[in-house]
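Please open the model in the viewer and keep the selection panel at hand.

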Amino acid sequence: MGMNTKPIILIGFLYAVMAVIIGVLNGLDRIPPVLVRTGRVLRINNVQQALYISLPAAAPYVFTGAKLAFGYSITGVLGSEFILATAGYGYNIAFAYNNFEDKKMYALLLFLLIVVSLMTMVMLRASRTVEHRSGAAPVSNTQQTASGLSKLLAIFVVTVILLGLWQWGHAVVGTEALAAPDVTFKHAVRLMGGDVLWMHIGETFKALGFSLLISCAAGAVLGALVGMSALATAAVSPVLITLYALPKVALYPLVLLFFGIGLPAKIVFGAMYGLIPMMLIVINAIQSMNQALPKTAQVMRLTRLQTLTTIIVPAMMPELVTGIRISFSITFLGVMIGEMFASTRGLGYLLMNSININDSATIMSVTLLVAIFAIAVNAGLLAIDKAVHRG
């Protein structure tokens, strides 16, 4: 697409679209069955069902997806402007950092924080107007799960479609812009046979492990401490949502100033992405918990620590697993972005270096390996998540 606004818009869209899709799907899954049955009794068509029943009932989850998409899109656009643009807000922040214009850089970051905070407050207020509680009955297993053969068939069809689109894209733009699937697979095998790729993989996994540990452990503890107090929840939650919407990539100059180029900066980048979502999930889990449980703890005169370890943690275990699954994905994203800006080793650095020398085979090979790893880990965590929720 060239060095213009088109790739920046596309990257911002790709960052945000999945958050909206997931939010809509989660909302549709939680629609009370009585509403669907009512629509059938009234004999309305599918369009009317969507407009008058499904989307209004799923509105809170759609707004949740929209809030996440807002933060993701800003991150994608500003991050792209750091790399691809010769103008724009992200470019100005990077330019001020590279030219040691500290006052200008901090002023730009402060203005960005104010704007994002105001927009987040508007979205938060809008989402509260559509929040509601629904007593949806659990979905039956026949609706919730598919057969193993159906899943394998779906995976096969999706894989064939993706490979077809990949081959078509290669035919349109050429080898210099996009390596063909067969070339990518062969090059990936060659890379895995050498020591250089494994050195970069080890560096990335080390940063990811530390970042994920910090995100999950610290996020769970801090979220539990805040969530156990209604006053603290009311005061802290809006601040956390605002901070989460702030594009972390815009803060990379500050991270580099404090931590330098190396492993600590990458760990901080990853933890910045995963900490707040984990806290928000734990806070929401505690606030939506059956109030009979903490009252029982009060009657039994349990200490705060005993209440946390024997009642609250077991009760919110399903949400903790969900939080770990979500934190893994966005922490991995943060580590990769950190390696692009603040490292001389790691898969993110390898990708950025390949972009600079226009090595499309290495770009696609590393992207393929990263995608396979992320899909495998997410599939395992999703299976654990479903097992815990069923239990």
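At what angle do the axes of helix α16 and helix α17 cross? Select residues 317-341 for α16 and residues 347-356 for α17: their axes come within 7 Å and cross at roughly 50°. That makes α16 oblique to α17. Helices are DSSP runs (H or I, at least four residues), numbered from the N terminus.

This is a predicted model, in which local features need pLDDT of at least 70, side-chain atom pairs count only at pLDDT 80 or more, and totals for chains, interfaces and linings use all residues. Residues are numbered from 1 along each chain as its sequence is written, and side-chain values use heavy atoms, without hydrogens and water.

Next, display Met336, Glu339 and Met340 of α16, which meet Leu347, Gly348, Tyr349, Leu351 and Met352 of α17 (contact: heavy atoms within 4.5 Å). These contact residues divide into six nonpolar, one polar and one charged. In this classification, Ala, Val, Leu, Ile, Met, Phe, Trp, Tyr, Cys and Pro are nonpolar, Asp, Glu, Lys and Arg are charged, and the others, including Gly, are polar.

Then move to α15, whose axis comes within 5 Å of that of α16 and crosses it at roughly 60°. α15 and α16 are therefore also oblique to each other. Select Val313, Pro314 and Ala315 in α15; they meet Met317, Pro318, Glu319 and Leu320 in α16. This contact has six nonpolar, no polar and one charged residues.

Conventions. Axes fitted to C-alpha atoms, helices over the stretch in contact; angles between N-to-C directions. Helix = DSSP H or I, 4+ residues; strand = E, 2+ residues; numbered from the N terminus. Parallel < 35°, antiparallel > 145°, perpendicular 65-115°, else oblique.
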